[in-house]
Amino acid sequence: MKTSLTAWLRRHAVLLAQLILIIVIVLYIAQGFDVEEFFQAISSVNPQLLLYLVLFEVAYYLSHALAYWALAYKRFRLRLRDAVGGTMLAWLVDLLLPSAFIEGDIVRIVFLKQYGDWAESISYGLFFRFLLNTTLSIFILVASLLIVNIYVGFSHYMLLYASAVLLSILSSALIALFIFNAQKLKSFMSRLVSKLPINNKHALLNDLNKFLDYVSETSRDFSPYNFYLWLAVIALMGQWVSGIMTPYFSLRCVGIDINPLLIAPGYTILSTLSLASIGVPFMIGSVDVALITLYIILGVPKERAVLATLIGRSVTILVTLSLIYPIGVYYSKKIFSEKNLKEIKGTLTRLARDYGIEVPFLKP
């Protein structure tokens, strides 16, 4: 009985941690929560500002798609509408089956595989993640420095923001190592493969080295003189700007006017707590807690912080269901067609056979 309970706790550790966090925040909010003030805030909501909230929510996703298209266009000749479809599908998977955003990156790689080979698709998928992390880090860092100059008291939160920026930069550095310095990665792969419980280690290491060489060759596309690369960077910066404007207008809807710069570093809170939403559709719970926490840190009364969160999250879900869901489902039928799935399964089967790897759902 004790062993089964321990195993259950291990399997659900993340969900339990998320639940405990939510309960703690809810208990904190419940203390001194003025229900009358909450309903008064509801009656004073400005419906005209909801339009801005919707527009920036849509702009957030479309600027992301524009960046993806700009990055992939030169190599894959990807059409803009297909880039929108591929990114909408990735967002849909991220929201419905969240696993720290890993599955969204996988979808983007599989999507690009339709237009090239695996090495190209993986290197471009990783570089897009590199751009996401790097531009977000720069955005948060610049906003934080501006805030310190404007609001001296806000420096108390700089350690939290600096830590998140550092982690994001480190993750970007690891991806950059994979893309731009294949030689160092080869030595690491050699040590890793030597410890794997597989039969044909030499063949696996040889193929991995060839793959890394090809990824290194593909990385030459990521030149600082590439116009499309800078277009992708600008589009991603537009995404982050749109991202802070949605909570900004959520607060405006409930009568709170805060400098958007103060919201920008809050991405650190949102990004950290959203990782706890593994397996929870729409990241329900952790992101809501993160938003309420951010608003309270910014000095927003609890009642209006809760209402602003409800409004903003409702718009996010409605935009997802009306924009992302139909486009994502349409492209899922194209990307995850029977033909493509058979090709992926065939590739995995061949790898399992050649290297003597036991894959749970395949027979080598």
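**A walk along the salt bridges**

Start by selecting R304 and E37: they form a salt bridge (a side-chain nitrogen of Lys or Arg within 4 Å of a carboxyl oxygen of Asp or Glu), with the closest N and O atoms 3.1 Å apart. The pair links distant parts of the chain, 267 residues apart, with R304 in helix α15 (residues 302–335) and E37 in helix α3 (residues 35–43). Helices here are DSSP runs of H or I, at least four residues, numbered from the N terminus.

A quick word on what's loaded: this is a predicted model, where local features need pLDDT of at least 70, side-chain atom pairs count only at pLDDT 80 or more, and totals for chains, interfaces and linings use all residues. Residues are numbered from 1 along each chain as its sequence is written, and side-chain values use heavy atoms, leaving out hydrogens and water.

Stay on R304, which is buried at 15% relative accessible area; E37 is partly exposed at 22%. (Buried is under 20%, exposed over 50%, partly exposed in between, using a 1.4 Å probe and protein chains only.) Now show V254: its backbone oxygen lies 2.5 Å from a polar atom of the R304 side chain.

Next, pick R75 and E120, a salt bridge with closest N and O atoms 2.7 Å apart. R75 sits in helix α4 (residues 48–76) and E120 in helix α7 (residues 118–150).

Last stop: D105 and R129, another salt bridge, at 3.2 Å between the closest N and O atoms. Both D105 and R129 are buried.

Terms used: Polar contact = N/O pair within 3.5 Å; in protein donor to acceptor, adjacent residues only side chain to side chain. Helix = DSSP H or I, 4+ residues; strand = E, 2+ residues; numbered from the N terminus.
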